[in-house]
Amino acid sequence: MLMKKLPPVQSVLFLVSRRASQLSRQRYDVIVVGGGHAGTEAAAAAARIGAETLLVTQKIQTIGALSCNPSLGGVGKGHLVREVDALDGLCGRAGDWAGINFSVLNRSKGPAVWGPRAQLDRQRYREFIQIQLFYLQAELLSTPRLTLLEGSVEELLVSDPNPAEPGRHRVTGIRLANSSQLISASSVVLTTGTFLSGSLFVGRTASPGGRMGDAPFMNTHTRCKPEEQLPCYLTYTTPGVERVVRESLHLNCHIQQDAKGPRYCPSIESRVLRFPGRSHQVWLEPEGLTSDLLYPQGLSMTMPPDVQLRLIREIPPLHRVEIHTPGYGVQYDYVCPTQLSPALQVKNTQGLFLAGQINGTTGYEEAAAQDHQQGPLLDGSQTTTPNEESYIGVLVDDLVSRGVTEPYRMFTSRAEFRTSLRPDNADLRLTMKGFELGCVSAVRHHEAVRVNCSLQNAIAALQALTMSSTSWRKKLLGISMSENKNQTLSGMDLLQYKDVSFEMLASVFPECLSPYMEFSQRLKIEAVYKPHYDQNKSEIKRIQREENMSLPQDVDYFTLPVSLSQEVREILDRFRPTTLGAATRLEGMTPAAIANLFKYVNLIRRQESTMSGKQMDHEEEGGEEPCKRNASLPQ
């Protein structure tokens, strides 16, 4: 549980704020540049590991600020938050503290693709992040590990590389803007977000900037009780919205530069232009328990403020609305992530790491996750999470191996092993590894070990309960089990049936199963997904063996009778890969798309092989008889 009372934020800011002249030392193990989601997670993780860490940010007051929609999680993104939390990161606990509405997206589908999501109170979230950084500093005052510095970085200091490591340079520290002061470090992590040559667009006006207005323990429950949560409301755009968009296109320099816009976070202008005549969803989401502001999710825009007001008032529930802060577009530089190692270190510069939107990603969750893939440890070791073990690994593998052409957003379809990479088992996958690295507390590690042992014991108990299907039907009356089959099944096998719950089994065998009631849902999920995971693993190995499988070059991918998204069809049509392996390396291709493409091509090959075999049989019979036989077949 969290502390019942947090100290006033202003007093915390006073204590942690530092000027360059006040620094207690001029050398650190790790310097983190940027105080957004990526920067705060990187600084906190480095401090937990034991590194002497300096976090440099332009404004101490904006640490933990939610510059866009005040929400956390969702489909794919929720997986990342759970994984960051399993590694003792900050954003998950901050979400529990600041959440005012909690939901699970994709609930109608399987647990592997559920998307835990929290709508947040902006002020509470910022306060929590700032105070957690203060605690990391205050708890270690005898040997300070984390220092916060308000300022800007003007220059990276580099020297000759270590000849024993790859790279042409070695980062040695930073120089602050408007200062000749040099601060040395073994590693530097750049998390500049949208501030790298950032420009803000509102209407036909562009100004420099990256954001409008700028240059302790695990939780067992959320702070906001269910009955105190604030509702979110769904409404839709009207023809009036489309009319305002079309009438103001000449006033919108951002949309004139790029009418398409980002695929996964499109403005209302680009949505109207791409899908004319449609009605689009708008979620009205509260910004805080004490705020009267609503965030209109689905109405990001870059037109002039007066036109934005006209547009919003075309939506029925918003006829009398006022705008507190106008929408804006941001354009910024990023580094092509193929220049990075899997630890997100710049390949030609030793000790220089990049994380967050500087790598071409979008969203708080993707930024926060990247800082748990890096290895700026005291001993210089590199630590990465493979893509078969986490969504963090999937994210980084996609970035460094494929690069980006538009802001990268996490989706569950990007994971090859999504049946095993679920929100419910992030602790089992990552917490023990995080503890070995030193970034996970003993409290969290102890809980993860307890959960893992309990689950393994429960699974063993379920597997030991074996009976014939006839006996199971007598024990569990009313279950949908075929009476024609008589086979030996374990309790784990029974849990795969939709209408069988762990609670039902525990009521029949209380002596061996009742101790594990707290894990009933997790055990049900494990049982349901085990055969799918085994099949998925076998399928992936087969695809890897068939990497050289030829793909037809004359196929029309837009009409191909295969389950492929429009985006994937566009990619395949544009690049026309010659082999299955070439298709897997295309940016935007998902494992699910590759699997479906493989099945289709494999089916066509079998059909062609079968037809070829029939023709050969006919030829061996000789004469014209095969033709006569075929001619008599109905058309």
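Predicted model: local features only at pLDDT ≥ 70, side-chain atom pairs only at ≥ 80, totals over all residues.

Residues are numbered from 1 along each chain as its sequence is written, and side-chain values use heavy atoms, with hydrogens and water left out.

A search of the whole structure finds three aromatic pairs, where rings of Phe, Tyr and Trp (its six-membered ring) pair if their centres lie within 6.5 Å, and planes under 30 degrees apart count as stacked, over 60 as edge-to-face and the rest as tilted. One of them joins tryptophan 97 and phenylalanine 128, whose centres are 6.3 Å apart and whose planes stand at 35°, so this pair is tilted. Tryptophan 97 and phenylalanine 128 are both buried, where buried means under 20% relative accessible area, exposed over 50%, and partly exposed in between (1.4 Å probe, protein chains only).

Another pair is phenylalanine 417 with tyrosine 533, and it is tilted because the planes are at 50°, with the centres 6.4 Å apart. Phenylalanine 417 is buried at a relative accessible area of 11%, whereas tyrosine 533, at 25%, is partly exposed.

Turning to charges, the charged end of arginine 223 sits over the ring of tryptophan 97, 4.0 Å from its centre; the rule asks for NZ of Lys or CZ of Arg within 6 Å of the ring centre and within 35 degrees of the ring normal. Arginine 414, in turn, lies over the face of tyrosine 408, 4.2 Å from the ring centre.
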